[in-house]
Amino acid sequence: MALEDPKVIPLEGTQWHVYAAFGTLKGGRADWLVEKCTELGASSVTPLLTERSPSIAENRVDRLERVVLAAIKQCQRLHGMTLNPPIKVGSLLPIVAHSKLSFLAAAEATPLIGTLSSLRPDTGGLIIIGPEGDFTEEEVKLMTEAGAAPVGLGPCRLRVETSTIALLSTLMLWSDSHSPHL
């Protein structure tokens, strides 16, 4: 029997917010990225508009919202995942400045695991992934000055969706392993 007045369960626990420059991904790769972020428990995903990934089609955002709903049902999440409207790097800077933890995927940066070993575990923050071709030097400078910690994901150059999932998976496991609710 369905409840007449369904209850909204407040989101507790791990809340990682993903900002990824995936507007130019082709062939269903953006759908896959959003689907996996939903399955892994991301709190939100925001398309990030950068100099090298300047736009995302409106009809694509509508499609991604359907992907999120399907993934929520598939993995039986109790809470939805928010697909935010696209934002530019400049609009992300104040969000980074007010976040306790912000990780910026960057080639040749200190490996993520090394960075985590020196931090006190937290239950959320920001994950920032650049476009194919990476962020410009100016974009990296602006985000690091705002407080984002550049982190490396190994010796190989990874695609946007691979970087996103590797970073999100690691941070979810890290924060969940230190969460008092487990």
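Trainee: Where is the place of Glu-108?
Mentor: Glu-108 lies in the loop between strand 5 and helix 4; helices (H or I, at least four residues) and strands (E, at least two) are DSSP runs, numbered from the N terminus. This is a predicted model, in which local features need pLDDT of at least 70 and side-chain atom pairs count only at pLDDT 80 or more, while totals for chains, interfaces and linings use all residues. Residues are numbered from 1 along each chain as its sequence is written, and side-chain values use heavy atoms, with hydrogens and water left out.

Trainee: Why does Glu-108 count as exposed?
Mentor: Exposed means over 50% relative accessible area, buried under 20%, and partly exposed in between (1.4 Å probe, protein chains only). Glu-108 has 83% relative accessibility and therefore counts as exposed. Asp-134, in the loop between strand 6 and helix 5, has 21% and so counts as partly exposed.

Trainee: What makes the phi of Glu-108 worth a remark?
Mentor: Most residues other than glycine have a negative phi. Phi of Glu-108 is near 65 degrees, a positive value, and phi of Asp-134, also positive, is near 75 degrees.

Trainee: Why are helix 3 and helix 5 called roughly parallel to each other?
Mentor: The axes of helix 3 (residues 89-97) and helix 5 (residues 137-146) come within 8 Å and cross at roughly 20 degrees. Axes are lines fitted to C-alpha atoms, for helices over the stretch in contact, and angles run from 0 to 180 degrees between N-to-C directions. Angles under 35 degrees count as roughly parallel, over 145 as roughly antiparallel, 65 to 115 as roughly perpendicular and the rest as oblique. The two helices are therefore roughly parallel.

Trainee: Which residues make the contact between these helices?
Mentor: Contact means heavy atoms within 4.5 Å. Helix 3 contributes Val-89, Leu-92, Leu-93, Val-96 and Ala-97, and helix 5 contributes Glu-139, Leu-142, Met-143 and Ala-146.

Trainee: What is meant by a nonpolar core, and which members of the largest one touch the most others?
Mentor: The term denotes a set of buried Ala, Val, Leu, Ile, Met, Phe, Trp, Tyr and Cys residues joined through side-chain atoms within 4.5 Å. Of the 35 residues in the largest such core, Trp-16, Phe-22, Val-34, Cys-37 and Leu-171 touch the most other members. Helix 6 gives the most to this core, with 7 residues. A second, separate core of 15 residues includes Ala-21, Leu-92, Ile-128 and Ala-148.
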